[in-house]
Amino acid sequence: MTGTDRKNLDQRLKKAYGVKSAADVVELYDSWADDYDTELLDELGYVAPRLTAEAFCRHVPDTNALILDVGCGTGLVGKELHDAGYTHVDGLDISNEMLARARDKGAYEALLQADLTLPLDLPDNHYDAMVSAGTFTHGHVGPDGLDELIRATKPGGLICFTVNEGVFETNDFPGKLAALEASGVARVVEQERMDYILNEQISAMIITLSVR
C-alpha cells in the first residue's frame, strides 16, 4: 500500500469511528464499498467475519436454519457461512452499495436495506438465528439495537454478534445484557474476547444470546 493509499484508509477509519448519523454511515459505506474487502482484509487484518462465522457454526450447526446476517456489508460473513454449507442466509445493511457487493458473492437468498437504529420491517419470531460482525461499534448501532433482533428471532433461536472493545463498556453493553437476562427476554450463552482487526490491535467481545 502506498503512502497515499494508507492516508486514504486512515481517513476512512477516522470517519467510521466518528459517524454521528445514519446519513453519515450511508455516505461512508457507499463510498467505501469498492475497496472495502481489500482494505479491511488485506491491509488491516480484519478477522472478525471469519471468527464470528466460526463461532456461529459451533452454536448453530443446522445448515438449513433460516439466518439473518445483520449489518452484512459486502457479505464477508455470508460468504463464510455459504462456504460452510449454510443454504438459507439473508443479509441486511444500511448501504445499498455494500449490499450490491454482497449480492455479487452469491451467498444470500435475500438482501434487505434497513437502518438498525429504527424498527425493522421484519415479522416477529421469523429467523432461526442471526449473526453480526462489525455492526455494534463506534457511532453505528448501540445496545438497544438488540431489541429488534430479538423480536425477529424465534424463541430458542440464537444471536451471535461482536461488539468492538472500544464501546463495550462505554456504551454499557454489560448493562443491556444483564437487563435482557433479568427480564427473561434472552440468555447469554457465551461471551468472550476475540481478535477483531489484527493490524490495528483491536479486539472485540463476541456474544451469543439465546432468545426466550
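**Entry 1: two helices**

I started with helix α4 (residues 48-59) and helix α5 (residues 76-83), whose axes come within 9 Å and cross at roughly 45 degrees. For my own use: axes are lines fitted to C-alpha atoms, for helices over the stretch in contact, and angles run from 0 to 180 degrees between N-to-C directions. Helices (H or I, at least four residues) and strands (E, at least two) are DSSP runs, numbered from the N terminus.

This is a predicted model, so I noted the limits: local features need pLDDT of at least 70, side-chain atom pairs count only at pLDDT 80 or more, and totals for chains, interfaces and linings use all residues. Residues are numbered from 1 along each chain as its sequence is written, and side-chain values use heavy atoms, with hydrogens and water left out.

Back to the pair: α4 and α5 are therefore oblique to each other. The cut-offs are under 35 degrees for roughly parallel, over 145 for roughly antiparallel, 65 to 115 for roughly perpendicular, and oblique for the rest. I also noted that α4 passes α5 in a right-handed crossing. Right-handed means that the near helix is turned clockwise from the far one by less than a right angle, and left-handed means anticlockwise.

Which residues meet there? From α4 I listed Pro-49, Arg-50, Ala-53, Phe-56 and Cys-57, and from α5 Leu-76, Val-77, Glu-80 and Leu-81. Contact here means heavy atoms within 4.5 Å. I sorted the contact residues of α4 with α5 into seven nonpolar, no polar and two charged. In this sorting Ala, Val, Leu, Ile, Met, Phe, Trp, Tyr, Cys and Pro are nonpolar, Asp, Glu, Lys and Arg are charged, and the others, Gly among them, are polar.

**Entry 2: more on α5**

In α5 I found Leu-76, Val-77, Gly-78 and Leu-81 buried. Buried means under 20% relative accessible area, exposed over 50%, and partly exposed in between (1.4 Å probe, protein chains only). The buried residues of α5 pack against α3 (36-43), α4, β1, β2 and β4. Just after α5 comes Gly-85, with a positive phi of about 105 degrees.

**Entry 3: the sheet**

Next I traced the sheet, which is open and has seven strands in the order β3-β2-β1-β4-β5-β7-β6, with mixed pairing. Its edge strands, β3 (110-113) and β6 (186-197), each pair on one side only. From one strand to the next, the twist averages 15 degrees. Helix α4 turns up again here: α4 packs on the sheet and touches β1 (67-70), β4 (127-136), β5 (153-164), β6 and β7 (202-211), and its direction makes about 150 degrees with that of β6.

Then I looked at the pairs. Two strands pair if DSSP finds at least two bridges between them. β2 (residues 89-93) and β3 run parallel, joined by four bridges, and Leu-92 stands opposite Leu-112 in β3. Four bridges also pair β1 with β2 in the parallel sense, and Leu-68 has Asp-90 in β2 as its bridge partner. From β1, Ile-67 and Asp-69 point one way while Leu-68 and Val-70 point the other way, and all are buried.

**Entry 4: strand β7**

What does β7 pair with in the antiparallel sense over seven bridges? That strand is β5, and Ile-159 has Leu-209 in β7 as its bridge partner. β6 also runs antiparallel to β7, with 10 bridges joining them, and Val-188 stands opposite Leu-209 in β7. I checked burial too: 10 of the 10 residues of β7 are buried, so β7 is largely enclosed by the rest of the structure. Both faces are covered, with residues including Ile-202 and Ala-204 on one side and Ser-203 and Met-205 on the other.

Most residues other than glycine have a negative phi. I looked up two positive ones. Asp-172 has a phi near 55 degrees and lies in the loop between α8 (165-168) and α9 (173-183). Asp-172 is partly exposed, with a relative accessible area of 44%.

Gln-201 has a phi near 55 degrees too, a positive value. Gln-201 belongs to the hairpin of β6 and β7, which has four residues between the strands. Is Gln-201 buried or exposed? Gln-201 is exposed, with a relative accessible area of 72%.
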